[in-house]
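Here's a quick briefing to read alongside the model. Have the viewer open and follow along.

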Amino acid sequence: MIQEKTSRISIYDPGTVDYMEALSFQKKVHSAVNDYSRGDAFIFLQHPDVYTAGAHYKGDLSSAVKVNRGGYMTYHGPGQLVAYYIVNMKRRNIDALGLIKIIQNSVIELLNSYGIHGEPMLNEKTGVWVNNKKICSIGIGIDRFATMHGMGLNISTDLKKFNFINPCNFSPDIMTSMDKISGIKHDFNSVKDKFIDITIKNFEIDDYIIHKSID
(Lines give C-alpha, C1' and ligand atoms only; values in the text may rest on other atoms or scores of the structure.)
Protein backbone atom coordinates (compact mmCIF):
# COMPACT_ATOMS: atom_id res chain seq x y z
CA MET A 1 0.00 0.00 0.00
CA ILE A 2 1.28 3.46 -0.90
CA GLN A 3 1.99 5.56 2.15
CA GLU A 4 0.21 8.90 2.60
CA LYS A 5 3.52 10.79 2.55
CA THR A 6 4.48 9.42 -0.87
CA SER A 7 1.13 10.14 -2.50
CA ARG A 8 0.88 13.81 -1.51
CA ILE A 9 0.70 15.99 -4.62
CA SER A 10 3.40 18.60 -5.24
CA ILE A 11 2.47 21.81 -7.02
CA TYR A 12 5.39 23.92 -8.22
CA ASP A 13 5.02 27.63 -8.95
CA PRO A 14 8.62 28.79 -9.48
CA GLY A 15 8.15 31.75 -11.84
CA THR A 16 10.51 31.90 -14.85
CA VAL A 17 12.85 28.93 -15.22
CA ASP A 18 15.39 28.03 -17.93
CA TYR A 19 14.02 25.22 -20.09
CA MET A 20 16.94 22.82 -19.57
CA GLU A 21 16.83 23.31 -15.81
CA ALA A 22 13.11 22.56 -15.81
CA LEU A 23 13.60 19.52 -18.06
CA SER A 24 16.25 18.10 -15.74
CA PHE A 25 13.92 18.59 -12.78
CA GLN A 26 11.05 16.94 -14.64
CA LYS A 27 13.17 13.87 -15.33
CA LYS A 28 14.17 13.55 -11.68
CA VAL A 29 10.60 13.86 -10.45
CA HIS A 30 9.32 11.57 -13.21
CA SER A 31 11.63 8.77 -12.06
CA ALA A 32 10.38 9.07 -8.47
CA VAL A 33 6.72 9.19 -9.53
CA ASN A 34 7.24 6.07 -11.65
CA ASP A 35 8.74 4.28 -8.64
CA TYR A 36 5.90 5.31 -6.31
CA SER A 37 8.42 7.03 -4.04
CA ARG A 38 6.56 10.33 -4.33
CA GLY A 39 3.19 11.65 -5.41
CA ASP A 40 2.28 13.27 -8.71
CA ALA A 41 3.71 16.70 -9.51
CA PHE A 42 2.26 19.67 -11.40
CA ILE A 43 4.62 22.46 -12.49
CA PHE A 44 3.41 25.90 -13.63
CA LEU A 45 5.96 28.35 -15.03
CA GLN A 46 7.21 30.31 -18.01
CA HIS A 47 10.48 29.97 -19.89
CA PRO A 48 12.91 32.33 -21.55
CA ASP A 49 12.81 31.96 -25.35
CA VAL A 50 13.30 28.37 -26.47
CA TYR A 51 12.21 26.09 -29.32
CA THR A 52 11.52 22.43 -28.64
CA ALA A 53 10.92 19.51 -30.99
CA GLY A 54 8.70 16.54 -30.22
CA ALA A 55 8.90 12.95 -31.40
CA HIS A 56 7.21 13.61 -34.76
CA TYR A 57 9.62 16.35 -35.85
CA LYS A 58 12.26 15.14 -38.34
CA GLY A 59 13.84 18.43 -39.45
CA ASP A 60 16.81 20.56 -38.42
CA LEU A 61 17.52 20.49 -34.69
CA SER A 62 20.34 23.04 -34.62
CA SER A 63 18.20 25.64 -32.87
CA ALA A 64 15.82 23.40 -30.91
CA VAL A 65 15.81 21.01 -27.97
CA LYS A 66 14.67 17.48 -28.85
CA VAL A 67 12.32 16.05 -26.19
CA ASN A 68 10.29 12.89 -25.71
CA ARG A 69 6.83 14.40 -26.00
CA GLY A 70 4.39 13.97 -28.85
CA GLY A 71 4.06 16.56 -31.57
CA TYR A 72 6.39 18.66 -33.68
CA MET A 73 8.23 21.95 -33.17
CA THR A 74 6.93 24.62 -30.84
CA TYR A 75 8.02 27.78 -29.06
CA HIS A 76 8.04 28.63 -25.34
CA GLY A 77 8.75 32.08 -24.02
CA PRO A 78 7.66 34.98 -21.82
CA GLY A 79 3.90 35.42 -21.59
CA GLN A 80 3.19 31.75 -22.26
CA LEU A 81 1.94 29.69 -19.33
CA VAL A 82 3.58 26.27 -19.40
CA ALA A 83 2.20 23.45 -17.27
CA TYR A 84 3.96 20.12 -16.81
CA TYR A 85 2.02 17.09 -15.61
CA ILE A 86 4.08 14.33 -13.98
CA VAL A 87 1.34 11.84 -13.25
CA ASN A 88 1.44 8.14 -12.40
CA MET A 89 -1.38 6.96 -14.64
CA LYS A 90 -1.61 3.55 -13.01
CA ARG A 91 -2.05 5.04 -9.55
CA ARG A 92 -4.53 7.61 -10.85
CA ASN A 93 -6.30 5.04 -13.08
CA ILE A 94 -6.19 7.24 -16.16
CA ASP A 95 -4.88 6.88 -19.71
CA ALA A 96 -3.16 9.44 -21.94
CA LEU A 97 -6.37 10.52 -23.65
CA GLY A 98 -8.09 10.97 -20.31
CA LEU A 99 -5.23 13.16 -19.10
CA ILE A 100 -5.30 15.28 -22.27
CA LYS A 101 -9.05 15.80 -21.92
CA ILE A 102 -8.69 17.03 -18.33
CA ILE A 103 -6.00 19.46 -19.48
CA GLN A 104 -8.19 20.66 -22.35
CA ASN A 105 -11.24 21.08 -20.12
CA SER A 106 -9.17 23.00 -17.58
CA VAL A 107 -7.88 25.39 -20.26
CA ILE A 108 -11.38 25.86 -21.68
CA GLU A 109 -12.76 26.59 -18.21
CA LEU A 110 -10.01 29.15 -17.69
CA LEU A 111 -10.66 30.83 -21.05
CA ASN A 112 -14.41 30.93 -20.39
CA SER A 113 -13.75 32.89 -17.20
CA TYR A 114 -12.19 35.58 -19.43
CA GLY A 115 -15.00 35.52 -21.98
CA ILE A 116 -13.05 33.44 -24.53
CA HIS A 117 -14.69 30.36 -26.05
CA GLY A 118 -12.20 27.53 -26.60
CA GLU A 119 -12.70 24.29 -28.49
CA PRO A 120 -10.81 21.03 -27.75
CA MET A 121 -9.08 19.33 -30.67
CA LEU A 122 -7.29 15.98 -30.94
CA ASN A 123 -4.95 14.12 -33.30
CA GLU A 124 -2.84 16.50 -35.42
CA LYS A 125 -4.62 19.49 -33.86
CA THR A 126 -4.28 18.40 -30.23
CA GLY A 127 -4.76 21.39 -27.98
CA VAL A 128 -7.34 24.13 -27.57
CA TRP A 129 -8.45 26.35 -30.44
CA VAL A 130 -10.35 29.64 -30.63
CA ASN A 131 -11.98 30.68 -33.92
CA ASN A 132 -9.76 28.29 -35.92
CA LYS A 133 -6.64 29.62 -34.21
CA LYS A 134 -4.51 27.63 -31.78
CA ILE A 135 -4.18 29.19 -28.35
CA CYS A 136 -2.95 26.15 -26.42
CA SER A 137 -0.63 23.34 -27.54
CA ILE A 138 -0.54 20.00 -25.72
CA GLY A 139 2.15 17.35 -25.96
CA ILE A 140 2.90 14.68 -23.36
CA GLY A 141 5.48 11.94 -23.10
CA ILE A 142 4.98 8.59 -21.35
CA ASP A 143 7.58 6.25 -19.90
CA ARG A 144 6.39 3.23 -17.92
CA PHE A 145 3.45 4.48 -15.83
CA ALA A 146 4.20 8.19 -15.64
CA THR A 147 3.75 11.18 -17.94
CA MET A 148 5.97 14.19 -18.58
CA HIS A 149 5.64 17.51 -20.41
CA GLY A 150 2.20 19.05 -20.86
CA MET A 151 0.82 22.24 -22.35
CA GLY A 152 1.63 25.81 -23.33
CA LEU A 153 -1.11 28.47 -23.19
CA ASN A 154 -0.45 31.77 -24.96
CA ILE A 155 -1.48 34.59 -22.66
CA SER A 156 0.63 37.55 -23.75
CA THR A 157 3.12 35.61 -25.87
CA ASP A 158 4.99 37.44 -28.62
CA LEU A 159 3.39 35.57 -31.52
CA LYS A 160 6.09 36.77 -33.93
CA LYS A 161 8.41 34.22 -32.30
CA PHE A 162 6.40 31.47 -34.00
CA ASN A 163 7.33 32.90 -37.42
CA PHE A 164 10.69 31.10 -37.35
CA ILE A 165 9.08 27.64 -37.26
CA ASN A 166 6.00 25.73 -38.35
CA PRO A 167 4.44 25.43 -34.90
CA CYS A 168 2.89 21.99 -34.37
CA ASN A 169 3.43 21.52 -38.14
CA PHE A 170 1.11 24.42 -39.02
CA SER A 171 1.65 27.84 -40.53
CA PRO A 172 2.84 30.38 -37.91
CA ASP A 173 -0.26 32.55 -38.42
CA ILE A 174 -2.41 29.79 -36.93
CA MET A 175 -1.24 30.78 -33.42
CA THR A 176 -3.11 33.23 -31.22
CA SER A 177 -3.14 34.45 -27.61
CA MET A 178 -5.53 35.66 -24.94
CA ASP A 179 -4.27 39.22 -25.43
CA LYS A 180 -4.77 39.13 -29.19
CA ILE A 181 -8.29 37.71 -28.94
CA SER A 182 -9.45 40.08 -26.21
CA GLY A 183 -7.55 43.16 -27.29
CA ILE A 184 -6.49 43.73 -23.69
CA LYS A 185 -3.39 42.94 -21.64
CA HIS A 186 -3.85 40.06 -19.21
CA ASP A 187 -1.82 39.80 -16.02
CA PHE A 188 0.23 36.62 -16.34
CA ASN A 189 0.32 35.78 -12.63
CA SER A 190 -3.42 36.28 -12.20
CA VAL A 191 -4.15 33.92 -15.09
CA LYS A 192 -1.60 31.42 -13.78
CA ASP A 193 -3.05 31.45 -10.26
CA LYS A 194 -6.55 30.91 -11.60
CA PHE A 195 -5.34 28.02 -13.73
CA ILE A 196 -3.65 26.38 -10.74
CA ASP A 197 -6.95 26.56 -8.83
CA ILE A 198 -8.83 25.03 -11.77
CA THR A 199 -6.23 22.26 -12.09
CA ILE A 200 -6.52 21.40 -8.38
CA LYS A 201 -10.28 21.13 -8.78
CA ASN A 202 -10.37 19.19 -12.04
CA PHE A 203 -7.70 16.69 -11.00
CA GLU A 204 -9.52 16.28 -7.66
CA ILE A 205 -6.40 17.13 -5.68
CA ASP A 206 -7.04 17.24 -1.93
CA ASP A 207 -3.67 16.68 -0.27
CA TYR A 208 -0.99 18.91 -1.75
CA ILE A 209 1.89 21.22 -0.98
CA ILE A 210 2.89 24.28 -3.03
CA HIS A 211 6.57 24.94 -3.74
CA LYS A 212 7.84 28.32 -4.97
CA SER A 213 11.05 26.88 -6.43
CA ILE A 214 12.28 23.70 -8.08
CA ASP A 215 15.18 21.81 -6.48
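Before the sheets, a word on terms: two strands count as paired if DSSP finds at least two bridges between them. Helices (H or I, at least four residues) and strands (E, at least two) are DSSP runs, numbered from the N terminus. This is a predicted model, so to speak of local features takes pLDDT of at least 70 and side-chain atom pairs count only at pLDDT 80 or more, while totals for chains, interfaces and linings use all residues. Residues are numbered from 1 along each chain as its sequence is written, and side-chain values use heavy atoms, with hydrogens and water left out.

**The eight-stranded sheet**

- Eight strands form an open sheet with mixed pairing, in the order β7-β8-β9-β10-β6-β2-β1-β11.
- The edges belong to β7 (119-121) and β11 (208-211); each has a single partner strand, so one side of each has no neighbour in the sheet.
- On average, neighbouring strands here are turned by 15° against each other, direction ignored. Axes for such angles are lines fitted to C-alpha atoms, for helices over the stretch in contact, and angles run from 0 to 180 degrees between N-to-C directions.
- β1 (residues 9-16) pairs with β11 in the parallel sense over four bridges, and I9 sits opposite Y208 in β11.
- β1 also pairs with β2 in the parallel sense, this time over five bridges, with L45 in β2 as the bridge partner of G15.
- β2 and β6 run antiparallel and are joined by five bridges; I43 stands opposite Y84 in β6.

**How β2 is covered**

- Six of the six residues in β2 are buried, where buried means under 20% relative accessible area, exposed over 50%, and partly exposed in between (1.4 Å probe, protein chains only).
- Side chains in a regular strand alternate between the two faces of the sheet.
- In β2, A41, I43 and L45 lie on one side and F42, F44 and Q46 on the other, and all of them are buried.

- Contact here means heavy atoms within 4.5 Å.
- Together, β1, α2 and β2 make a right-handed β-α-β unit: with the strands pointing away from the viewer, the path from the first strand over the helix to the second runs clockwise.
- H30 is in α2 and counts as buried at 6% relative accessibility.
- Leaving aside neighbours within four places in sequence, H30 is in contact with I86, D143, A146, T147 and M148.

**Helix α4**

- α4 (residues 96-113) has 18 residues and reaches 26 Å from its first C-alpha to its last, close to the 26 Å expected at 1.5 Å a residue. The expected span is 1.5 Å times one less than the number of residues.
- Buried positions in α4 are L99, I100, I103, Q104, S106, V107, I108, L110 and L111.
- Just after α4, G115 takes a positive phi of about 75°.

**Nonpolar cores**

- A nonpolar core is a set of buried Ala, Val, Leu, Ile, Met, Phe, Trp, Tyr and Cys residues joined through side-chain atoms within 4.5 Å.
- The largest one has 36 residues, and Y85, L111, M151, L153 and F195 have the most contacts inside it.
- β1, β2, β6, α4, β8 (127-130), β9, β10 and α6 (188-202) each supply at least two residues of this core, and α4 gives the most, with seven.
- F195 touches F44, L81, A83, Y85, S106, V107, L110 and M151, leaving aside neighbours within four places in sequence.
- Apart from this core lies another, of 20 residues, among them V17, V65, V82 and I214.

**G139**

- G139 is found in β9 and is buried, with a relative accessible area of 10%.
- Not counting residues up to four places away in sequence, G139 touches R69, G70, M148, H149 and G150.

**The three-stranded sheet**

- A further open sheet has three strands in the order β4-β3-β5, with mixed pairing; its edge strands, β4 (65-66) and β5 (73-76), each pair on one side only.
- β3 (residues 50-53) pairs with β4 in the parallel sense over two bridges, and V65 in β4 is the bridge partner of T52.
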